[in-house]
Amino acid sequence: MRISVIGCGYLGAVHAACMAKLGHDVVGIDVDTRKIAALSAAQAPFYEPGLDELLDEVQSAGKLAFTTDMAAAAGCDVHFICVGTPQKKGENGADMSFVDGATVALLPHLQPGNLVIGKSTVPVGTAARLAELVRDAVPTAQLMWNPEFLREGHAVSDTLQPDRFVYGVDGGSEDHPAVAILDEVYSGPLNVGTPRLVADLATAELVKAAANSFLATKISFINAMAEVCEAAGADVTQLADAIGLDDRIGRKFLNAGIGFGGGCLPKDIRAFMARAGELGADQALTFLREVDAINMRRRTRVVELTRELCGGMLLGKRITVLGAAFKPESDDVRDSPALSIAAQLQLQGAVVTVTDPKALANAAGRFPELHYEPDSDRAVQRADALLLLTEWPQYRDLDPYELAASVGSPRILDGRNVLDGAKWRAAGWTYRGLGRP
Ligand code: UDX
């Protein structure tokens, strides 16, 4: 099929490349000329494992092109809207200007029978509103919603082999003509048995908000348990292992630590609360305020623990932060708890050095006042304390015996509970985990 993908950020660039990999003829469209130039040269403007190789493969095969010209959408049968919905400045709600703008810009290029498919995470009600715009422009064109669940760092495999597809169509019926069209787009993964659910537009939009809220709640639940464990002298990692063996609970997303960040979970739960408020259902989601508060409390807690670790004072202490990205296998620092902690420590008088295998350029853009050192061996030299805040494999695998010779004082705070505390202590370190004795 001929497909346009509008918006080539984390979601759109991956989606465009994956649709081409599935055999379609794809054009990726974005207003950002630098992004389009990079993607055309098979270089993703962000780090995502496997994406550069995939871009190269599908562009060499002539299946994918990139442009800043929206007119390139004309002639495509299917148009995916993949632009961002960031948090509004100073408000909890989502900024819809990019989704609205992209849809309006697409309208003049729509042709009879075209299908517009929203993938962005949007407040419930958006799809119905935009469907009307599409119908008004071209009466035989239609709009459906097909939320994306990809995780950064696993975006290519999550797109090519997703857990499930959710199709939101007007009326929610399997017989809606858009269902057959999207089935053709996704025939590859559908043929290997990927589940596919058809729902009405509002339900499809809510599935995404509910899924992210559940994940955020799971993380804040275990972080709340970490607070109790700290008070009681118990170990939250053992607690998570034990409750996680109950199938109904499951061990995934029960890693206590510095909390969740990134471009999705924090802003999505806030936008969900804001939208529920508009709908008069705010009481239903007040618990998400607590989820958010528990999450933000982790950052303050780490600053306090670091102060304790440094003998009660941060002033002038050399702190090395291992990891700046909001999670490993990503260079994304949007709402990164690691960077937020680094910045707070610096503000309180510590001399902070941050290292990360991929995210330093983005980190320096956000917090230019911090000191960045790409070489982790150099970054740890003479440190008064190390903080492991993003669990990249190279930090998980650090050898406490070797490292002890480089640092000023062998003290480490394991913000992701990924190190073997006993081993580090045996090597002479003062080890602190979160929610662990
Ligand atoms: C998330 C959802 O997982 C994905 O389905 C949705 O489409 C977009 O938002 P992503 O933002 O890529 O994906 O990151 P995710 O893997 O969910 O991690 C989010 C944050 O939670 C990270 O900061 C991570 O470090 C943290 N986390 C995750 C924990 O603190 N503990 C855990 O057990 C799991």
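This report covers the ligand site and the aromatic pairs of a predicted model.

## Basis

The model is predicted: local features need pLDDT of at least 70, side-chain atom pairs count only at pLDDT 80 or more, and totals for chains, interfaces and linings use all residues. Residues are numbered from 1 along each chain as its sequence is written, and side-chain values use heavy atoms, with hydrogens and water left out.

## Ligand site

The ligand is surrounded by 20 residues (a residue counts if one of its heavy atoms lies within 4 Å). The closest are Phe-149, Glu-152, Asn-255, Phe-326 and Lys-327. Helix H9 (residues 201–232) gives the largest share of this shell, 4 residues; helices are DSSP runs (H or I) of at least four residues, strands (E) of at least two, numbered from the N terminus.

A polar side-chain atom of Lys-327 is 2.8 Å from an oxygen atom of the ligand (a polar contact is a pair of N or O atoms within 3.5 Å). Polar backbone atoms of Asn-255 and Leu-150 also lie by ligand oxygen atoms, at 2.9 Å for Asn-255 and 3.0 Å for Leu-150.

## Aromatic pairs

The whole structure holds 5 aromatic pairs (ring centres within 6.5 Å, using the six-membered ring of Trp; planes under 30 degrees apart are stacked, over 60 edge-to-face, the rest tilted). Phe-80 and Tyr-186 have ring centres 6.5 Å apart and planes at 35 degrees, so this pair is tilted. Phe-80 is in strand E4 (residues 78–81), and Tyr-186, 106 residues away, is in the loop between helices H7 (177–185) and H8 (187–191).

The rings of Trp-424 and Trp-429 are edge-to-face because their planes meet at 70 degrees, with centres 4.9 Å apart. Both Trp residues are buried (under 20% relative accessible area, 1.4 Å probe, protein chains only).

Terms used:
Polar contact = N/O pair within 3.5 Å; in protein donor to acceptor, adjacent residues only side chain to side chain. Buried < 20%, exposed > 50% of the residue type's maximum accessible area, 1.4 Å probe, protein only.
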